Protein chains: 2
Amino acid sequence: MENFTFYSPTFFAFGKDTEEQAGSLIKRFGGTKALIHYGGSSARKSGLLDRITASLEKAGVPYELLGGVQPNPRSGLVYRGIELCRKEKIDFVLAVGGGSVIDSAKAIAAGTVYDGDFWDFYTGKRIEEALPVGTVLTIAAAGSEGSPDSVITKEEGMFKRGASGDAIRPKFSILNPALTQTLPPYQTAAGITDIMAHLYERYLTNSKEVEVTDRLIEALLLTMIHEGPRVIENPNNYEARANIMWAGMMAHNNSCGVGRSQDWNSHNIEHELSALYDCAHGAGLAVTLPAVFTYVMNHDVMRFAKAAVRVWGCQMDFDHPEVTALEGIEKLRQFFISIGMPRNFAELGAEEEDIPTLVRALCWGDGRQGSISGFVTLDESDCEKIYRLML
Amino acid sequence: MENFTFYSPTFFAFGKDTEEQAGSLIKRFGGTKALIHYGGSSARKSGLLDRITASLEKAGVPYELLGGVQPNPRSGLVYRGIELCRKEKIDFVLAVGGGSVIDSAKAIAAGTVYDGDFWDFYTGKRIEEALPVGTVLTIAAAGSEGSPDSVITKEEGMFKRGASGDAIRPKFSILNPALTQTLPPYQTAAGITDIMAHLYERYLTNSKEVEVTDRLIEALLLTMIHEGPRVIENPNNYEARANIMWAGMMAHNNSCGVGRSQDWNSHNIEHELSALYDCAHGAGLAVTLPAVFTYVMNHDVMRFAKAAVRVWGCQMDFDHPEVTALEGIEKLRQFFISIGMPRNFAELGAEEEDIPTLVRALCWGDGRQGSISGFVTLDESDCEKIYRLML
């Protein structure tokens, strides 16, 4: 196990009706005037936004509203948010939504107190300071409610890039599984896929002797395999939603990823897909993960065999571990298909002819030098082959 | 799953040589003058205390030293610590040691800023305020490095009782697995047992639909079963020590215990043993757990069968689940024996004739009304039978 630091100071309020605590939690964490940042009309139509503004009013916290965050959130709205926060002297950003809204809120929070262009943080500068952020989560997926990360897409060139820093870790996150019951099945499944990808990206490590984190990752994957189909079958299954929601946070606050190298190649390969086609991140991952794993499997066959046996219940083929490894990858692929995720480029709405464009953006975008690295280093030729495995 | 809050804001620095960060971490978390609280002579002889005082000197943090914490830490030393902190205007308490030292430090931190008797916190009053606490952990066991809890024994009557409050959660904890390599095997094994008890106490729940936390608990138990024997066989196995150390923290910061009722009857039953005989808490638990589980098993046979199958690899007897449940308990008992823990009263140094005294202290001590409650409610007669199962 490698040396590490771990810090996850977010306060979580989990369960039914917890959104009513939004106002008092903002006050508890020092906010006196809030930006309520949200996405489309569903937060308003469902009455959620009304319940939250009522909670802030009850707690005596004035607020401004800024909606309109899109999936794969854009830099344009971030600039507007920063301007609004400065003009209205806002000192707390409350995100009401999923990962996109939270990531946009984090970008606004960091950008408001920064003299330069907030995009600097998305091209390598570490975030050291930000307005405090709180969240009311409406989809279990990105894990942004407990993470120090944010991913934003820049309109010029449609570059999708990430930033990080403890300063943008939410001070509090409100997790009410009931709020996710109204999600369409496709979005629910994309969220499940994203959570499983966060686990697999941590599982694919070159570090040795990491039994405790291996076991924790396997535990959360087993949970997703058990709960995922239940919630697809019955969207109103509160208990399944609750198990998925806590697993989604634990999958990405890094408690199960410490002390080990991680991968994140699959996320990077997918980011180019959702940047170009504006597809759901999770849907892109469902197509990406099996392709990447098939391509890199031989780098550490026993690790993939371990996942196959411990997570997917495969029988170990001791004479041919690669057979078991492949079987585990195939089970993962079939699982994604079973919950309604796309299986290939065509179902995702991606085009073979764009592969050179995808590869160029992936391997040369934003300062990269012709390759991406993680579990294995992948150059342009590797990345092209991986995209072709998705056809 | 039940509604819950979760808050674990401790900063963890994990790995080799991390104790050198003690001084800078105290400063980072606002300390200007520290009490260094420790146990016996081993911290001094090993050179650990010198490295830590050097780190504080380098960071420009003056300090006072207070050693002498015993296993099952006593109120007498806590009173001395409180007096010292007030007199010397100390604003940070650094614990260098295991759970006993950390718990004593927490009591001092809470008592220093409290007008009344600190023992009030150990008879039901919640801790709302305390000096900041940091830790340098030297044994993986109690989980106190990431918990809001403290257990102290009052000399008058030898009552062993717990207190709790977010204010005594460590601001930082330094976890260097190498520091645990010098521990005698018996103490190492007692620590392993304590960690497994923290997991089982959370596993025994009456809450339904808690797959995610069930799986996480099982993952950590599987880790202990894998790493425990390796470290008993070779005390210098850094990697096994590292896996156990992180598992020990995760076992007790409650990330795997949220949203569910928990047990803690076994801990309470054991506390009377270590209070009366001053035995190692873990050694007492090794004798207590199998007895309690055998006694309460029929309250939920399938839960014990699940642990047997998922954690201990037993084959499920679908016609007789109670056979599988018992087999899992027997495997747990044999595991404790295999790592050198006592199996009964005699090996623990406990006496049959003391059972009435133990039962009285357990069921009527400190405000209890003739029973203890958790997974099941146990009255005096139940507790007597359980102690007799340990003979």
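Among contacts in chain A between residues at least 6 apart in sequence, what percentage join residues at least 24 apart? I looked this up before anything else in the predicted model, and the share is 79%.

**Entry: secondary structure and burial**

I took the element counts for chain A next and noted 15 helices together with 10 strands. I then turned to burial, and found that 57% of the 391 residues in chain A are buried.

**Entry: overall dimensions**

I recorded the extent of the C-alpha trace of chain A along its principal axes as about 70 × 45 × 45 Å. I also compared the radius of gyration with the expectation for a compact globule: because chain A has 391 residues, that expectation is near 21 Å, and the computed 20 Å agrees with it.

**Entry: domains**

I consulted the domain assignment, which divides chain A into domain 1 (11–179) and domain 2 (185–389). Taken over C-alpha atoms, the centres of domain 1 and domain 2 of chain A are separated by 26 Å.

I then listed the residues at the contact of the two domains: domain 1 of chain A supplies 21 residues, and domain 2 of chain A supplies 27 residues.

Key:
Residues numbered from 1 in each chain as written. Chains lettered and ligands numbered in written order. Predicted model: local features only at pLDDT ≥ 70, side-chain atom pairs only at ≥ 80, totals over all residues. Helix = DSSP H or I, 4+ residues; strand = E, 2+ residues; numbered from the N terminus. Rg over C-alpha atoms; globule rule 2.2 N^0.38 Å. Buried ≥ 20, exposed ≤ 12 C-beta atoms within 10 Å, placed from the backbone. Contact = placed C-beta atoms within 7 Å. Domains from an automatic or database assignment.
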